[in-house]
Amino acid sequence: KKMAAISDGKLLLQGYVYVKSKKSPDVTKTYWDCRRVRLQEGKSRAITAVRQNGELLVLSSRGGPQPAAGSTRLKN
């Protein structure tokens, strides 16, 4: 199971920070890019949805970000 949360308009997924890219036309899905995608240093993206009970679902994540200098990985 993938651990994910939304905080300050950012998606925190498996220790990485993603920024909102867009919402689907029917507003049921949110598309996210790893912050490094915006810097053209990564390719990781995620798609989420929220169930009626408020549970956050990660529908898809691909191209997992790779830690590097200036990485967006969160420390526990």
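## The sheet as a whole

Strands (E, at least two residues) and helices (H or I, at least four) are DSSP runs, numbered from the N terminus, and two strands pair if DSSP finds at least two bridges between them.

Let's start with β2 (residues 10-13), which pairs with β3 in the antiparallel sense over four bridges. Lys10 has Val19 in β3 as its bridge partner. The two strands form a hairpin with two residues between them, and Gln14 in the turn has a positive phi of about 50°.

Next along, β3 and β4 run antiparallel and are joined by five bridges. Their hairpin has six residues between the strands, with Val27 in the turn at a positive phi of about 60°. Lys22 stands opposite Tyr31 in β4, and the charged end of Lys22 sits over the ring of Tyr31, 5.1 Å from its centre. For this description, NZ of Lys or CZ of Arg must be within 6 Å of the ring centre and within 35 degrees of the ring normal.

## A closer look at Ser24

Ser24 is found in the loop between β3 (16-23) and β4. Is Ser24 buried or exposed? With a relative accessible area of 8%, Ser24 is buried; buried means under 20%, exposed over 50% and partly exposed in between, using a 1.4 Å probe and protein chains only.

The side chain of Ser24 makes a polar contact with the side chain of Asp26 at 2.6 Å. A polar atom of the Ser24 side chain also lies 3.2 Å from the backbone nitrogen of Thr28. A polar contact here is a pair of N or O atoms within 3.5 Å; within protein, one must be able to donate a hydrogen and the other to accept it, and residues adjacent in sequence count only if both atoms are side-chain atoms. Leaving aside residues up to four places away in sequence, Ser24 touches Lys29 and Tyr31, where contact means heavy atoms within 4.5 Å.

Strands β4 (residues 30-34) and β5 (residues 45-50) run antiparallel and are joined by four bridges. Here Trp32 stands opposite Ala46 in β5. Lys43 is found in the loop between α1 (35-38) and β5, and Lys43 is exposed, with a relative accessible area of 68%. Lys43 and Asp33 are 10 residues apart in sequence and 7.8 Å apart in space, C-alpha to C-alpha.

Six bridges then link β5 to β6 (residues 56-62), again antiparallel. Thr48 stands opposite Val58 in β6, while Val50 has Leu56 as its bridge partner. Five residues lie between the strands of this hairpin, and Gly54 takes a positive phi near 95°.

Residues are numbered from 1 along each chain as its sequence is written, and side-chain values use heavy atoms, with hydrogens and water left out. In this predicted model, local features need pLDDT of at least 70 and side-chain atom pairs count only at pLDDT 80 or more, whereas totals for chains, interfaces and linings use all residues.
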